[in-house]
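Welcome, and please open your viewer and get your selection tool ready. We will go from stop to stop, picking a few residues at a time.

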Amino acid sequence: MEALIRSNIIVCSTVMVKRELFSQVGLFDDNYRYNGEDYDMWLRLLTCCNFGCIPQVLLHYRWHGANMSRFMDQSMIRSIQIEGAKRFGRDFNHG
């Protein structure tokens, strides 16, 4: 949980979520489009379920200078982190 609050460490392409969990936490918030809608979702899901990890490589991610994630609004990401930390009663103080 602490690692996820500090940074979006989950690659959306590899995630499987039970459909009924979306009725509990809502769908992706399109106010964060290209700026962390998945990150916000993971933090909301973390309030109602546990996450697991499969140790095998499931995806090879191609990183290049034109990736959409390269142009993320850092102030938006920080606000998601702060809100996520509040959900878990944590103080988000990032340097």
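Begin with the largest nonpolar core of this predicted model. Select Leu4, Tyr39, Leu43, Leu45 and Ile80: among the 16 residues of this core, these have the most contacts inside it. Now colour the helices H1 (2–6), H2 (19–25), H3 and H4 (74–87), each of which supplies at least two residues of the core. Which helix gives the most? That is H3, with six residues.

Next, centre the view on Leu4. Setting aside its neighbours within four places in sequence, show what Leu4 touches: it is in contact with Ile9, Ile10, Tyr39, Trp42, Leu43, Leu46 and Phe51.

Stay with H3, which covers residues 37–46, and select Asp40 and Arg44. These two form a salt bridge, and their closest N and O atoms are 2.9 Å apart. Why can they line up along the helix? Asp40 and Arg44 are four residues apart in H3, so about one helical turn separates them. Are the partners buried or exposed? Both Asp40 and Arg44 are buried. The salt bridge count for the model is one.

For the last stop, turn to the cysteines. How many disulfides does a search of the whole structure find? The search finds zero. Select Cys48, which is in no disulfide: the nearest cysteine sulfur belongs to Cys49 and lies 4.5 Å away. Cys48 counts as partly exposed, at 31% relative accessibility. Finish at Cys53, which is exposed with a relative accessible area of 73%.

Key: Residues are numbered from 1 along each chain as its sequence is written. This is a predicted model: local features need pLDDT of at least 70, side-chain atom pairs count only at pLDDT 80 or more; totals for chains, interfaces and linings use all residues. Side-chain values use heavy atoms; hydrogens and water are left out. A salt bridge is a side-chain nitrogen of Lys or Arg within 4 Å of a carboxyl oxygen of Asp or Glu. Buried means under 20% relative accessible area, exposed over 50%, partly exposed in between (1.4 Å probe, protein chains only). A disulfide is a pair of cysteine sulfur atoms within 2.5 Å. A nonpolar core is a set of buried Ala, Val, Leu, Ile, Met, Phe, Trp, Tyr and Cys residues joined through side-chain atoms within 4.5 Å. Contact means heavy atoms within 4.5 Å.
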